[in-house]
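Here are a few notes to read alongside the model.

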Amino acid sequence: KEDFYKKTLARLDKIQSHLETAPRSSRLKGKVCIITGAGSLRGIGRASAILWAHEGAKHLYLVDYDETNLPNLKSTIEGKYPDVKVTTLQGDASDENAIASLCKRALQEEGRLDVFFANAGVATASPLDSVTAEGFMNTMKINTLSCFLAIKHASAAMEKANPSRGKEYGGGSIILTASVAGIRSGAGSVDYSASKAAVNSLAQVSANQLARTDIRVNSICPGLIETGMTIATFDYARSRGTAGKLGQLNPMGRYAVANEIANVALFLASDESSYVNGQNWCVDGGLTSTLPTIP
Ligand code: NAD
């Protein structure tokens, strides 16, 4: 078993750094994309921004509430992919004015908006009796309202750009980051799980309403990933030499790295997913499809 965990950790490093060796292609060629929650050094948003630049996106608008790492992200992408335009913005994904004006800005500057990846989110971990009404609403605002605003304003901008979408462009894609916590109950807080279940619902309902406009809406439900959000757990486990075991209850025996989620988001952002709509994609190593059994 120890050997399995050691090999798994080495493999995860390889997956995370695959862009160093992967040949460049053009799955997002010409696409104008917005990604929220892009600022975290180890996060899904940053991994997506770099991967999408690698795949030929035309212009990436990268937003985060915390601006600390945005200049580094911009210079990393521009240094490696000089043909990709990068605009970084400090902003709150749950602020309607900020999201509305960002979508308008993309339209003004590029004449189109192809992809909105509503990925910003916060995790909470409190027992039921210590979740306050205010805390509950705050989690709903950041995790759920932000997705609603993305759908509302991105779809308006996408429709405006080309009222007869599908002829000139491959169609618009709105991607929401939910969580397996929105599918099954788990160790997380009630507010977190409820906020992510609502994100899954938003993907279904809005996909249905937008379907005739050729704008697709899907959500991704990741399992445990090593990102900024979970770093404290990982650092603690590392200090005890047990990091490899963090995913041991997963059928695959491991947790995930951000690029494994970014790859799914890439597919949903690309025209390859042109008939994928209104789905909640569990990217969790098989966790939500498994009945717990004694090994
Ligand atoms: P992360 O903490 O590394 O990245 C999240 C980013 O969102 C941070 O940079 C943060 O500053 C930003 N952010 C938070 N609130 C914001 C706001 N109001 N406006 C703009 N930016 C804001 O974590 P991550 O794991 O990359 O998180 C991305 C998404 O994945 C989240 O929605 C999270 O709930 C979801 N998710 C994560 C895991 C996991 O195990 N890490 C599992 C399931 C789902």
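**Notes on the fold and the ligand shell**

1. Around the ligand there are 30 residues, and the closest are Gly37, Ser40, Gly43, Gly121 and Gly228; a residue is near a molecule if its C-beta atom, placed from the backbone, lies within 6 Å of it. Helix H2 (44–54) and strand S2 (59–64) are the elements that give two or more residues to this shell. Helices (H or I, at least four residues) and strands (E, at least two) are DSSP runs, numbered from the N terminus.

2. Please bear in mind that this is a predicted model: local features need pLDDT of at least 70, side-chain atom pairs count only at pLDDT 80 or more, and totals for chains, interfaces and linings use all residues. Residues are numbered from 1 along each chain as its sequence is written.

3. H2 packs with helix H3 (residues 70–80) at an angle of about 20°, their axes 10 Å apart; axes are lines fitted to C-alpha atoms, for helices over the stretch in contact, and angles run from 0 to 180 degrees between N-to-C directions. The two helices, H2 and H3, are therefore roughly parallel (angles under 35 degrees). On the H2 side, Arg46, Ala49, Ile50 and Ala53 meet Leu73, Thr76 and Ile77 of H3, where contact requires C-beta atoms, placed from the backbone, within 7 Å.

4. The open sheet has 7 strands in the order S3-S2-S1-S4-S5-S6-S9, with parallel pairing (two strands pair if DSSP finds at least two bridges between them). Its edge strands are S3 (85–90) and S9 (280–283). Between S2 and S3 there are 6 bridges, and His59 has Lys85 as its bridge partner in S3.

Definitions and conventions: Angles under 35 degrees count as roughly parallel, over 145 as roughly antiparallel, 65 to 115 as roughly perpendicular and the rest as oblique. Two residues are in contact if their C-beta atoms, placed from the backbone, lie within 7 Å.
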